[in-house]
Amino acid sequence: MENFNFYIPTTVYFGKGEIKNLASSIKQFGGSKVLLAYGGGSIKKNGVYDAIATELKNAGIPYFDCDGIRPNPPVADVRKGIKIYREHNCDFILAVGGGSTIDAAKAMAAGVCYEGDVMDLMAGGKGEIKAAAPLASVLTMAGTGSELDMGGVITGEVNHKKHTIMHPLLYPKFSILDPTYTFSVPEKHSMAGCFDAFDHLLECYFVAGSESTDVQNMMNEGLMRSIVKNAPKVLANPEDYDARANIMWASSMALAGFQFVAGKKGSNWPMHGMGHELSSLYGMTHGETLALVAPSYLAYTLEKAPQYTWLFANFARNVFGVTEADDNVAAKLAISKVKEFADSINMPKNLKEAGVEENKLAYLAEKATEWGSIGALCDINKEDALDIFKRAFN
Ligand SMILES: [Zn+2]
């Protein structure tokens, strides 16, 4: 097993009514003036905004709204938040929403402590994160796991390229996870969130070095199984508290430090790399892009890295209950099971159906590998990525 660090400083308040901890927790972390970051206004319809406003007002904590944060958050939304934070001398950032809002808030938290432009602080940029404002989240959409990790993805201005921002200072101080807040999330986004969480687990599971990481593998399999079990329950009844609760907690756990390929050889998240290009070019929902790419990626990887056939077979048996004894057959079944799961929760069937143009596949493959080959069990270069996109086309 490889050496690894384990660090998750975020306090989680999980369950119905846990918003009651909001004001005291903000004060605990030195917050006295809050930048309240949120998205398109659904929190004003479902009562979440009012619940937060009441808590803050009762505690005498002033807050300033930064609304309208968009999905796949553009850097312009981050800059807007930084401006409002500075104008009002805020000292705490509260993100209310799903992954996009929390990701944007993380970039704001770093940006308010940096004199230059926030884009400098993205991975590979010329700046360095040396300080960050304290931030916390109230989660209203499960999937990305941003509530319990230290990273975010921001859309830049050039070609809508996705940039990563990541630093231990960007862990939320606390996150409030109330499953009832996700009851009103539309079906498409609920299911895309389920697949996103599932894919985070795939990205950490199919990684070189998995021969020796029994703890990670088996925890991972359990989380994947819980998503496969509960996503259809949410689909059938959006107000099924326990199904929503299990999806919410599995999504958080999927990205919490201890699932993060701990003890493996490392991954640069190839499915996300390819999926981000689909979001950049077509504005697609993140989880849907992963559902489009995952089956073809896994099939391609199995062919290119047959020494990991055993891992695919384990996955088929331990996640999907496949009883086939022959590893080669079970491994292939693993891939059809992933596709069946995606279909069962109404993910788009293929790139063509999702509106992707065939003549853009080469461009997508080039962009996905522009910083070098991506891979986890084997290298995926530009030609490999193109092959995967072609398989996913129809
Ligand atoms: Zn993701």
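What follows is a short briefing on a cavity, a helix and a strand. Keep in mind that this is a predicted model.

**The cavity**
- The largest cavity holds about 80 Å³ of space.
- Its lining is made of Met141, Ala142, Thr182, Val185, His189, Ser190, Cys194, Val234, Arg244, Ile247 and Met248.
- Sorted by class, that lining has seven nonpolar residues, three polar ones and one charged one.
- Two helices, α6 (187–205) and α8 (241–255), each give at least two residues to the lining.

**Helix α11**
- Helix α11 covers residues 309–320, and its twelve residues reach 16 Å from first C-alpha to last, close to the 16 Å expected.
- Its buried residues are Thr309, Leu311, Phe312, Ala313, Phe315, Ala316, Val319 and Phe320.
- Among the elements covering those buried residues are α6, α7 (214–236), α10 (286–304) and α12 (327–344).
- After α11 comes Gly321, which has a positive phi near 70°.

**Strand β8**
- In a regular strand, side chains alternate between the two faces of the sheet.
- In β8 (residues 174–177), Phe174 and Ile176 point one way while Ser175 and Leu177 point the other, and all are buried.
- Strand β1 (residues 11–14) runs parallel to β8, joined to it by four bridges, and Phe14 stands opposite Leu177.
- Strand β5 (residues 135–139) also pairs with β8 in the parallel sense, over three bridges; here Leu139 has Leu177 as its bridge partner.

Definitions and conventions. Residues numbered from 1 in each chain as written. Heavy atoms only, no water. 1 Å grid on protein atoms, 1.4 Å probe; cavity = no way out; pocket = protein on both sides within 12 Å on 5 of 7 lines; lining within 4 Å. Points joined across faces, edges and corners; volume = space filled by probe spheres on them. Nonpolar A, V, L, I, M, F, W, Y, C, P; charged D, E, K, R; others polar. Expected span 1.5 Å × (residues − 1). Buried < 20%, exposed > 50% of the residue type's maximum accessible area, 1.4 Å probe, protein only. Contact = heavy atoms within 4.5 Å. Pairing = 2+ DSSP bridges.
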